[in-house]
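Subject: Structure for you to look at

Hello,

Here is the structure we talked about. Please open it first and keep it beside you while you read the notes below.

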Amino acid sequence: MRNRHINHVTVLGSGVMGSGIACLLAGIGIDVLMLDMLPKELTDKEKAKGLSLEDKVVRNRNAQMHLNAAIKSKPSPIYDKAFTSRITVGNFEDDLEKIKNSDWVIEVIVERLNIKNQMFDKVEKLRKPGTLVSSNTSGIPIQMMSKGRSDEFQAHFLGTHFFNPPRYLGLFEIIPGPKTKPEVIAFFQDFSGRFLGKTPVMAKDTPGFIGNRVGVYSMAKVMELAQEIGLTVEETDNLTGSILGRPKTGTFKLADLVGLDTAAKVTKGLQENAKDDQMVQDLKDSEVMNFLLENKFYGDKSGKGFYYKEKDQEGKTNRFALDLEKKEYRPLDRQNLDILDRAKQAGGTSARLKILLKDDSKYGDLIRKHFASLFAYVSQRVPEISDHLYAIDDGMKTGYAWKYGPFETWDLIGAKKGIELIEKEGYEVADWVKSMLQNGKESFYQVSSEGNKQYYDIDTDDYKTIPGQDAFIILDNIRKSKEIWSNKDASVQDLGDGIINLEFRSKMNSIGGGVIQGIHKAIELAENDYKGLVIGNQGSNFSVGANLAMIMMMAVEQDWFELNMAIKQFQDTMMRVRYSNIPVVVAPHGMALGGGCEITLHADKVVAAVETYIGLVEFGVGVIPGGGGSKELTRRAGMSYEKDDVKTNRLREAYMNIAMAKVATSAYEAKNLGYIRDQDIIVINKNRQIAEAKKHALIMADAGYTRPFPEKVKVLGENALGMFYVGSDQMIAGNYISEHDRKIANKLAYVMTGGNLSENTEVSEQYLLDLEREAFLSLCGERKTLERIQHMLKTGKPLRN
């Protein structure tokens, strides 16, 4: 088969999903044409401008309006707002014929079969042969949209289902039609993973496909169980949220977020179309849901659902929750559940599940009944919705953001214990699961000696390697066999080919003494016995920064010598990252804040996941960056000085990034802010990040790496310092900042301009590091700084005082 390239895509439909998909495609460099219906009448603003329904701006209004709304929404659907220039809007009447220029046409219009078929009638006539055509339907059978069309159309037609929001949720369901070519399926499997950063999941053309089939059943069943057992919505959400490795929204908040009308419609659709699915048929009609729908309480979209909030006369926000029994709203109950505190103290998810399942209260009852029904349900869906159990787990992990899929969770409990749980609660487990155990297979997954994850295959009664792992390095799979050094906060693994990896494993990957020791040890090992080093992990976040509790303890005890030594050690560690004898590649993802950002700034090369939220946020706790961050942004600003009239502008931009604690919302935005350089790499698929970082470390090593030569840093002296002082005075005069904010800002300005220097000059990096450390220590002695640190540790939010 000839190579296929996607350069131009037409998105049919510009609603929330259509505009989200358009933004995702534009974000990876694709030209997008997004079309929608013609407006039926003029708005008042259009009338005032003297426009008519024939004016282009009016005819394209729907698509443009939806795109504008998407760009303004938070979280942003696009990696960088500048990328919206790659999206052209239009309408179905004037612009549909332009699909002849497209390599892929994706339909994202209303979920009605007759309307979709009318659209595909037009598409079939206008597309060029070979153009890929797909539907983003969440449940309409693909075969019903394929029926009666030409063989050539059907060969290139299939379902490609994104989950909302398309940028952030990783699921990409591929649903072949009756005549879809195998090479078209293979193309989307590769394209979705490599270019879109998604997890491709092959689904059969069955009701709800995989994600919604399992996810909607699970949500509806938990709601039903909560009412039967007598739990509140808050209790249920706490029990089915983050404690299980799932989003903190839990169940009822998730329903509010999805939209109660949508959730009810999808549930009813499953019951109407999955007649042979007895567990779906057994779901009970909910009086509470009917009450909400009758009153048009649809959740977040209507402002009221299982939860709602309103402001009182004093402007204070009050939150309420629905009493499931009385069907009345009452003040939100924020009480902590003792069982959850005990489970959290137990450690990882496996240990937590044991505590929860053994609990003899109504809370444990919900957990037992939930997992019994879930395990029974997914066992019965194989091979109906997929031949491979890992596809169901992938669907729930990437579509519903579960840390562990149903079968992976079952393995944590134990396959045999899971069956006992199912049968005790009165459900039936599929025969293939019993056969698996009878034939000596005790888990649904295992890891091979080569570090590949394998799944139990029903057809062969044996384990098979999950396909597509060739491009991945999964640290969970190699940690036991490839670890060469560790302490409680860090681990070093051999990635092969002369490259090793340093993985943080402290709480939230915060940086303390154990991580610092790990960095030095990893560099020492690499310099002595290997070619290069990757610093990366696969936790939720790369690193949230320094250990604030340790800093606060030393500051409260006024142990300035120890605090000075700790900051000096951190600075020296960052400089060793920069000036080691081997290439150091840092692979940030998720949050890379404070010290996590500083490590990134000192790398030879950065291989960042596109979803990297990076910044120097120390200002929020009353200090300036003390691990080389202030120095490094000063250095980078100095490297960009070209003309005298822009020097202060470059420095001001770097200064404001720190003073406003700016955090990039993507790796592309991080480039704009100067945290990531043009020569650094951005990876769309996070699963490929460690492998990509290893590749670049190896390239640098094989090219003959030599450590960088220390260069002087250009600083602007007292003239620029005076400018910053005037600026902070003006901010005080306008009541924009507090006196303490001004003190921090002036300390930062002093460091970034080089201190008391009468003119522009060049200084060493160590000179700036010494200024930086002195400023950091002096601010740690401030009462208001300690208040900010304490508030951050307690609430996770910055305090302005």
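Pro165 sits in the loop between β6 and β7 (171–176). Helices and strands here are DSSP runs numbered from the N terminus, with at least four residues (H or I) for a helix and at least two (E) for a strand. The peptide bond that leads from Asn164 to Pro165 is cis, and its omega is near 0°.

Before going on, note that this is a predicted model, in which local features need pLDDT of at least 70, side-chain atom pairs count only at pLDDT 80 or more, and totals for chains, interfaces and linings use all residues. Residues are numbered from 1 along each chain as its sequence is written, and side-chain values use heavy atoms, with hydrogens and water left out.

Another cis peptide bond joins Lys74 and Pro75, with omega at about -5°. Pro75 is placed in the loop between α4 (61–72) and β3 (87–91). Asn509 is not a glycine, yet it has a positive phi of about 55°. Its place is the loop between β17 (499–504) and α24 (513–529).

**Two sheets**

Strands β9, β10 and β11 form an open sheet in the order β9-β10-β11, with antiparallel pairing. Two strands count as paired if DSSP finds at least two bridges between them. The edges are β9 (307–311) and β11 (328–331), each of which pairs on one side only. On average, neighbouring strands of this sheet are turned by 35° against each other, direction ignored. Axes are lines fitted to C-alpha atoms (for helices, over the stretch in contact), and angles run from 0 to 180 degrees between N-to-C directions. Strand β10 (residues 317–323) runs antiparallel to β9 and is joined to it by five bridges. Lys309 has Arg319 in β10 as its bridge partner.

The other sheet is also open and antiparallel, with three strands in the order β12-β13-β14. Its edge strands, pairing on one side only, are β12 (445–447) and β14 (462–465). Four bridges link β13 (residues 453–457) to β14 in the antiparallel sense. Gln454 has Thr465 in β14 as its bridge partner. Helix α19 (residues 389–399) lies across β12 and β13, and runs at about 125° to β13; contact means heavy atoms within 4.5 Å.

**Aromatic rings**

How many aromatic pairs does a search of the whole structure find? It finds 31. Rings of Phe, Tyr and Trp (its six-membered ring) pair if their centres lie within 6.5 Å; planes under 30 degrees apart are stacked, over 60 edge-to-face, and the rest tilted. One of the pairs is Phe120 with Phe157, which is edge-to-face at 5.1 Å centre to centre and 75° between the planes. Phe120 belongs to helix α6 (residues 113–126) and Phe157 to strand β6 (residues 157–162), so this pair ties together parts 37 residues apart in sequence.

**A cavity**

The whole structure was searched, and one cavity of 30 Å³ or more was found. A cavity is a set of points, on a 1 Å grid over the protein atoms alone, where a 1.4 Å probe fits but cannot get out; lining residues have an atom within 4 Å of a point. The largest cavity holds about 40 Å³ of space. Grid points are joined across faces, edges and corners, and the volume is the space filled by probe spheres set on the points. Its lining is Thr232, Glu234, Glu235, Asn238, Asp333, Gln335 and Leu337.

Regards

Key
1 Å grid on protein atoms, 1.4 Å probe; cavity = no way out; pocket = protein on both sides within 12 Å on 5 of 7 lines; lining within 4 Å.
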